[in-house]
Amino acid sequence: MKKKLTNTIRFLIFFSLGAFLFWITYRDQDSSQLLYTLKNEVNYYWILLSLFFGLLSHISRTIRWNLLIESLGKKPRTINTFLAVMVGYFANLALPRMGEISRCGIISKYEKISFTQLVGTVVLERVLDIIMLFIFLLIALTTQFSVIGEFFTKNPEVSEKLSNVFASAYTLYAIIAIFIIIWLLRKKFRNTIFFKKIDHTLKNFMDGFRTIKKLDNKFAFILHTVFIWIMYYLMTYICFFSFGFTSNLPAIAGLTVFVMGSFGMVAPVQGGIGAWHFMVIGTLLVYLPGVANIENMSRSFALVVHGSQTAMIIILGALSVIALPFANRNQITKNKAQI
């Protein structure tokens, strides 16, 4: 009961924050003009193509995660891993970072793999994702430094919030320091039940985190990592062709919008709602100064792109929740027979 109450409170806090950011972004939007734009000025074929790229990224992430799990000596079914990944994205719309826990729980349940080891593999994935994001950021900074600089000049509050994010790293340092202290005092406490449980949990976690060293096909793993992020980028850039005002922007502009939007997705709100829109709209305004009605059109772009991607996650996530018991009906029947 207490856990449900805590999760409910967290959901309401994050949702309220996202809703507030969304309201701030769209409070001056003319709803009739927005509806006209959505009905008459958007080529939805390009939006559908962007969703196809998104689906490819999810499939690639599934295969990449399987490569890590197989390094643990396990071989989960691809269908289960894919469904778990999609449920994870779906769960993130309820609570930020809940998806990582959810997909580990699903694979642990249906494939009988250590939950802690799975968490280790997911943390490794997140580290690699951060590395890829900063590679894309470096490319954007190298080629579009003036654009990014102008964005932060026009939006000083964003710089302050990013500083707070980096300042929160001190919490991480404190956690690391605690683990170091535990390790240094391990001989004194190694025979206690509490230490043995902590030691066992950390061992399983590190087994999962170190799976990259045991990979049989490192080239395929690297290829999937790069492919996933190229698909993420194309999901944004290909949408430029859906709108007349963005169709002539260069590919590097698409990269910059994608990177800035990615930092919006890092915000502690469900699915980046509000924060993603703000970052993308602000970046488009820098690229297209002086264009008539540019702010309203940029809002339309952000609404369509984010809305279509969120809709895909909701549909595939909900279908995955329904499909999981059917995909594992033989395993469920076997478990009942053993009881």
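Q: Why is Phe134 called partly exposed?
A: Its relative accessible area is 40%, and partly exposed covers what lies between buried (under 20%) and exposed (over 50%), with a 1.4 Å probe and protein chains only. So Phe134 counts as partly exposed. Do keep in mind that this is a predicted model, where local features need pLDDT of at least 70, side-chain atom pairs count only at pLDDT 80 or more, and totals for chains, interfaces and linings use all residues. Residues are numbered from 1 along each chain as its sequence is written, and side-chain values use heavy atoms, leaving out hydrogens and water.

Q: What makes Phe134 and Phe263 an aromatic pair, and which kind?
A: Rings of Phe, Tyr and Trp (its six-membered ring) pair if their centres lie within 6.5 Å; planes under 30 degrees apart are stacked, over 60 edge-to-face, and the rest tilted. Here the centres are 6.3 Å apart and the planes 85 degrees, so this pair is edge-to-face.

Q: Why does this pair tie together parts that are apart in sequence?
A: Phe134 lies in helix α6 and Phe263 in helix α12 (residues 251–265), so the parts joined are 129 residues apart. Helices here are DSSP runs (H or I, at least four residues), numbered from the N terminus.

Q: Why is the pair of Phe151 and Phe152 edge-to-face?
A: Their planes are at 85 degrees and their centres 5.3 Å apart, so that name applies.

Q: How do you know whether Phe151 is buried or exposed?
A: Its relative accessibility is 1%, so Phe151 counts as buried. Phe152, at 23%, counts as partly exposed.

Technical notes:
Helices (H or I, at least four residues) and strands (E, at least two) are DSSP runs, numbered from the N terminus.
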